[in-house]
Amino acid sequence: SKMTEMTPLEAAVGTLVHTFNKYALSEGKKDTLTKEELKNLLKGELPGIIGGPKDKGALDDIMNKLDTDSSSDLDFKEFIIFVAEIACVVHNICTKKTKK
Ligand SMILES: [Ca+2]
C-alpha cells in the first residue's frame with residue numbers, strides 16, 4: 001500500500017500531523033492545542049525528552065513561550081516550531097556524542 005512506501009522522514013511528518021490532531025481534537029477548537037491538551041501531549045508523547053511539566057508554573061512558561069501570537073492556544077505552526085527546537089537539542093546531543 002501507499003503507507004508502506006513512505007520513507008522514514010515522510011512517516012515522521014505524518015506522525016507529527018497525526019499526533020497534533022489527536023490531542024487538538026480532544027477539547028476546545030479542533031485545530032489548536034489548549035494548555036490542557038499541551039500538557040497531555042507532553043506527558044503522553046515526549047516523556048523521555050520533556051517529562052511531564054513538574055508544576056503549573058512550568059507548563060505556563062512553556063505555553064507562554066510557544067504561543068507566539070498570544071491566542072491562548074497553539075496552532076500547528078506554533079507546535080511544529082516547538083518540535084523543531086526539540087529536534088535541534090537532540091541533534092546537538094547526538095552530534096556531540098558521536099564526535100571524537
Ligand atoms: Ca497561538
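Q: In which kind of crossing, left-handed or right-handed, does H1 pass H2?
A: Helices here are DSSP runs (H or I, at least four residues) numbered from the N terminus, and residues are numbered from 1 along each chain as its sequence is written. The model is predicted, so local features need pLDDT of at least 70 and side-chain atom pairs 80 or more, while totals for chains, interfaces and linings use all residues. A crossing is right-handed if the near helix is turned clockwise from the far one by less than a right angle, left-handed if anticlockwise. H1 passes H2 in a crossing that is right-handed.

Q: How are H1 and H2 oriented to each other?
A: Their axes (lines fitted to C-alpha atoms over the stretch in contact, with N-to-C angles from 0 to 180 degrees) come within 9 Å and cross at roughly 130 degrees. Under 35 degrees is roughly parallel, over 145 roughly antiparallel, 65 to 115 roughly perpendicular and the rest oblique. H1 and H2 are therefore oblique.

Q: Which residues of H2 make the contact with H1?
A: Contact means C-beta atoms, placed from the backbone, within 7 Å. H1 brings Thr19, Tyr23 and Ala24, and H2 brings Glu37, Asn40, Leu41 and Glu45.

Q: Is isoleucine 49 buried or exposed?
A: Isoleucine 49 sits in the loop between H2 (35-45) and H3 (56-66). Buried takes 20 or more other C-beta atoms (placed from the backbone) within 10 Å of a residue's own, exposed 12 or fewer, and partly exposed is in between. Isoleucine 49 has 10, so it's exposed.

Key:
Helix = DSSP H or I, 4+ residues; strand = E, 2+ residues; numbered from the N terminus. Contact = placed C-beta atoms within 7 Å.
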